[in-house]
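Dear colleague,

Please find below the structure I am handing over to you. My notes on it follow directly after.

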Amino acid sequence: MKLKEQINLYIEDALANASIKVENISVSEAGKPEFGDYQFNGIMPLAKTLKRNPREIAAEVVSCIDTSGLITKAEVAGPGFINLWLNDSWMSEAAGRMLADPRVGVEKKPYPIKVVIDYSGPNMAKEMHVGHLRSTIIGDTLSNLLSFLGDEVIRQNHIGDWGTQFGMLIAYLEEIGLETGSKNLKDLEQFYKSAKRRFDEDAAFADKAREYVVKIQSGDPHCLKLWKKFIDISLGHCEEIYDKLDVNLGREDVRAESFYNEKLPEVIKALEEKGHLQVSEGAKCVFLEGEEIPLIVQKGDGGYLYATTDLAALWFRAEALGAKRISYVVDARQAGHFKQVFRVAKESGLVGEDVLLEHIAFGTMMDKGGKPFKTRDGSTVKLVDLLDEAVIRAKEAIKAKEEYSPAELENLARIVGIGAVKYADLSIHRESNYIFDWEKMLSLEGNTSLYQQYAYARIMSIFRKYDGEIGQTIVVGNEIEHRLVLLLLRFSDVLERAAKDAAPHQITSYLYDVTTLFMRFYEQNPILREHVEESVRQSRLALSALTANVIRQGLSILGIGVVERL
RNA sequence: GCGCUCAUGGCUCAGCUGGAUAGAGCAUCGGUUUGCGGUACCGAAGGUCACAGGUUCGAAUCCUGUUGGGCGUACCA
């Protein structure tokens, strides 16, 4: 249910009845409880053109607002605000419908589109590090979100499986044998270093490595086989991480860099035909108006570049996959690159005008001192290590609480630990750099996943204790219930806006509000205590259930689990 | 040099198309319990929204400039 849209309709009617034209009819959430639930601020800008007192106009509109349904009261306030109060029984009914709905009141889009979301993108020659974490988590959340809202989401993992370093790596893999190789590949960093050492120390090996690069590219069966094996093993390790992270990214979503190889000459040809290509200093480039530096698509030696592959991928995604929105979840430092690539794709017609291209940029992960996140010795932190540490720390944080079997504790620690890492990342505005802090992340206080998982478990505990049928009727009976129901009814609006802005933190922030408000409600409104009237008890139980549903569904979109007991 | 981006209480962050007295959490100080999970809840204190102009009925938000930080700047990805 789209609450805001419904309120807008009332305002629209009132304005029509008052014969007043407003361009942008949209109410906003009231800043304070005394200002009601929603407010409409669209009157004041009119005052000047109409040469009338804004309060007078507002009063006229207010008198035309239908207060027999959703809205129960409308008032003029301040210089010409219109404050709106929503009707409790209308809200109660809406909340009841939401409770009965498995989709928690969120309708699917009537006109879904195909959306490609490009995220994670690890390099097969290197270990996945914390830099991949944000792309993976944010991309996965957006995919979950858009697909929940009804779009057809095509996840694309654009893995880096091509380049000169693979000659060296497969030569080394061949040398040490597949068996030892696949074991050693668990630590890619180490594997790479060993291969590099061989390359630097042994001229014969170096020659072979260079030879293998050429052989892979020319399709030599032996080298191709080795290369495929290498990629397979390396990708397997990434999948272990996806598994740990509980991210929906599988083999079927992988469309590697190498996939686009044969399309690269076609990209050049297409650009040439459109007359966009210029040769500058030996390289084939596209010069864009207003841009100082051209986009180079083919090197002087004939080799292709990152930009060429990206253009090929855009082309493929728009043409073959039929995407109408293509989103790249990539580090903010590449903003310039994408700006150029997108422009070239559009101007050359590789991608149609009706396709939305967006760079979902994110900032860098910092340590507590505000420096880029590194290990003590200054190397990049491996993602596996980070995730394992999260689980260990989560175990520490929860094990004192109750008696669990080792298996239960392991599972719980995984949900809590991984959830904390993800939530910490998603709860920050994605474009800003964020500070990685274990203590804060696994704290039960403040805007964390654990606080919400705890609240959820508490609600579950109420139901365990009650142990009976829970009604579906919610009756708003007091101020705090009114506020809680109102907030829950906004769920759909929040998801929609978060999808539009590609901003997961809007969801975390909302869930935090829900949880906080529920805690307050629960503190003030007894549910299971003896003196509580049965109908009130039922309503409060139903309200608790609805709250739990919203928390569970919201966290699920973020890829975070909940538990019955904590 | 040019371009992009950021600057909000001691710390970490919100602040939606400009809207009413700029909101949270942590830390600090104080309070709540015959305990529906106190790992909770309530309250207090704490901000010239980097600075200076401008636009507007109204600016943390838009425009210009200044200062300070981060990043990017043609054959890496």
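Which residue forms a salt bridge with Lys109, and how far apart are the closest N and O atoms? The partner is Asp151, and the closest N and O atoms of this salt bridge lie 3.0 Å apart. Over the whole structure, the search returns 36 salt bridges.

Please bear in mind that this is a predicted model. The mean pLDDT of chain A is 93, and 99% of the residues score at least 70.

As regards the domains, chain A is divided into domain 1 (3–86), domain 2 (114–160 + 255–362), domain 3 (165–235), domain 4 (383–438) and domain 5 (449–557).

I looked in particular at domain 2 and domain 3, whose centres, taken over C-alpha atoms, are separated by 28 Å. Eight residues from domain 2 and 13 residues from domain 3 take part in the contact. About 770 Å² is buried between these two domains, and carbon and sulfur atoms contribute 62% of that area. On the side of domain 2, Met124, Ala125 and Glu127 lose the most area to domain 3, together giving 70% of what that side buries. By class, the side of domain 2 that touches domain 3 comprises three nonpolar, three polar and two charged residues. Between the two domains there are zero salt bridges, whereas three residue pairs are in polar contact.

Yours sincerely

Conventions
Residues are numbered from 1 along each chain as its sequence is written. Chains are lettered from A and ligands numbered from 1 in the order in which they are written. This is a predicted model: local features need pLDDT of at least 70, side-chain atom pairs count only at pLDDT 80 or more; totals for chains, interfaces and linings use all residues. Side-chain values use heavy atoms; hydrogens and water are left out. pLDDT is the predictor's confidence in each residue, from 0 to 100. Domain bounds come from an automatic or database domain assignment. Contact means heavy atoms within 4.5 Å. Buried area is the accessible area (1.4 Å probe) that two parts lose on being put together, summed over both. A salt bridge is a side-chain nitrogen of Lys or Arg within 4 Å of a carboxyl oxygen of Asp or Glu. A polar contact is a pair of N or O atoms within 3.5 Å; within protein, one must be able to donate a hydrogen and the other to accept it, and residues adjacent in sequence count only if both atoms are side-chain atoms. Ala, Val, Leu, Ile, Met, Phe, Trp, Tyr, Cys and Pro count as nonpolar, Asp, Glu, Lys and Arg as charged, and the others, Gly among them, as polar.
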